[in-house]
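User: I want to go through this structure term by term. For each label, tell me which rule stands behind it.

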Amino acid sequence: MKKHSLDLLENAIDSLSEALSKYNEGEQGNEKSYKFAILHLSHFIELIFKHYISEQHSLLIYKNPFAEKLDRSKTIGFWESVNFISHETGQIAQNSEFRRDLNWLKKLRNDIEHYKFDMNVEEARETIGRIFRSVLEFFEFVGILNLESYVPAELSDTFRALSDEYEEKLQRATRAVENAESEAFSGYRLKEYDQVSWRKLNCPDCGNSLMIPNEDSDTGYKCEFCGNEDSDEIPVYCTMCGCEGVADDMVTWWDDEHGNLENRCYYCSGQHHMDKDD
């Protein structure tokens, strides 16, 4: 039994490593890699659940385990493993979101392997993260396996990012900003960078320097991490002279006659003359 369990575990860890590697490639811009991350993650979960079941009794991973002649070529399937664990521990049964995510994973895996498929990349990222954390929570609950200790050193950052919802979201937002910055300055030489109006701002809501231009935002800027669109540091232009400043330095009011927002700089607002007279 011991050797069999070890083989299952090693096989599962190989699939976990491949899933992490492909997820990392996807986060670095190769979106097709998410497809393979899903396939490997599904295989990992199937094997790691079987490993857990075999630890309870070596025969339980086989179909008809107590038959007179045991057929070792036929093992239980994915949902049989899930249902066994659900009944045995109550963990999956109590977590309806985890079961929904597993349904999503198995359906998408089946479509990838046998049919045409559509995959929403953002949904894939978020669901992979949720499933990954749910599996870790399960093994933390049963207390028999520290998965992180089996992960290769070069994939440990990806493992920790997926393990921590905040860190995962932060890494995705950081990569999105890096990609947007690279695109904004593409085609310009270093000495021409001051001609590019693209800016990266510190978000006052979450504290991350991830607030960048966004065409769909009412203010023209949006934080890629928390979605905030307001900041006193957003670049604005004086309606009168066209000089650039920041929102906090402008005098602003709504022009009812023309139906637009008026921004006046220190000079065009008259503040310069008032200060001079004082």
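Analyst: Helices (H or I, at least four residues) and strands (E, at least two) are DSSP runs, numbered from the N terminus. By that rule, the chain has nine helices and six strands. The model is predicted: local features need pLDDT of at least 70, side-chain atom pairs count only at pLDDT 80 or more, and totals for chains, interfaces and linings use all residues. Residues are numbered from 1 along each chain as its sequence is written, and side-chain values use heavy atoms, with hydrogens and water left out.

User: Why is the pair of Tyr52 and Phe138 called edge-to-face?

Analyst: Rings of Phe, Tyr and Trp (its six-membered ring) pair if their centres lie within 6.5 Å; planes under 30 degrees apart count as stacked, over 60 as edge-to-face and the rest as tilted. By this rule the count comes to seven aromatic pairs. In one of them, the ring centres of Tyr52 and Phe138 are 5.3 Å apart and the planes stand at 80°, so the label is edge-to-face.

User: What makes this pair a tie between parts of the chain?

Analyst: Tyr52 sits in helix α2 (residues 33-56) and Phe138 in helix α6 (residues 121-142), so the pair ties together parts that are 86 residues apart in sequence.

User: How do you know whether Tyr52 and Phe138 are buried or exposed?

Analyst: Buried means under 20% relative accessible area, exposed over 50%, and partly exposed in between (1.4 Å probe, protein chains only). Tyr52 has 4%, so Tyr52 is buried. Phe138 has 3%, so Phe138 is buried too.

User: What describes the pair of Phe185 and Trp198?

Analyst: The centres of Phe185 and Trp198 are 6.1 Å apart, with 75° between the planes, and the pair is edge-to-face. Phe185 belongs to helix α8 (residues 165-185), while Trp198 is in the loop between α8 and β1 (211-213), 13 residues apart. Both Phe185 and Trp198 are buried.

User: Which residues form one aromatic cluster?

Analyst: Phe49, Tyr52, Phe138 and Phe139 do.

User: What is the largest nonpolar core made of?

Analyst: A nonpolar core is a set of buried Ala, Val, Leu, Ile, Met, Phe, Trp, Tyr and Cys residues joined through side-chain atoms within 4.5 Å. The largest has 48 residues, and Ile45, Phe139 and Leu147 have the most contacts inside it. Two or more residues each come from α1 (2-27), α2, α3 (78-89), α5 (96-114), α6 and α7 (156-163). The largest share, twelve residues, comes from α2. Apart from this core lies another, of 15 residues, among them Val177, Val196, Tyr221 and Cys223.

User: Which residues does Phe139 touch?

Analyst: Contact means heavy atoms within 4.5 Å. Not counting residues up to four places away in sequence, Phe139 touches Ile48, Phe49, Tyr52, Ile144, Leu145 and Leu147.

User: Why does Thr127 count as buried, and what does Thr127 touch?

Analyst: Thr127 lies in helix α6. Its relative accessibility is 3%, so Thr127 counts as buried. With residues up to four places away in sequence left out, Thr127 touches Asp101 and Trp104.

User: Why is Asn64 called exposed?

Analyst: Asn64 has a relative accessible area of 60%, so Asn64 is exposed. Asn64 is placed in the loop between α2 and α3. Its phi is near 50°, a positive value in a residue other than glycine. Most residues other than glycine have a negative phi.

User: How does the radius of gyration of the chain stand against the globule rule?

Analyst: The radius of gyration is taken over C-alpha atoms, and the globule rule is 2.2 Å times the number of residues to the power 0.38. For 278 residues a compact globule would have a radius near 19 Å, but the chain has 27 Å. Its C-alpha atoms fill a box of roughly 105 × 40 × 35 Å, taken along the principal axes.
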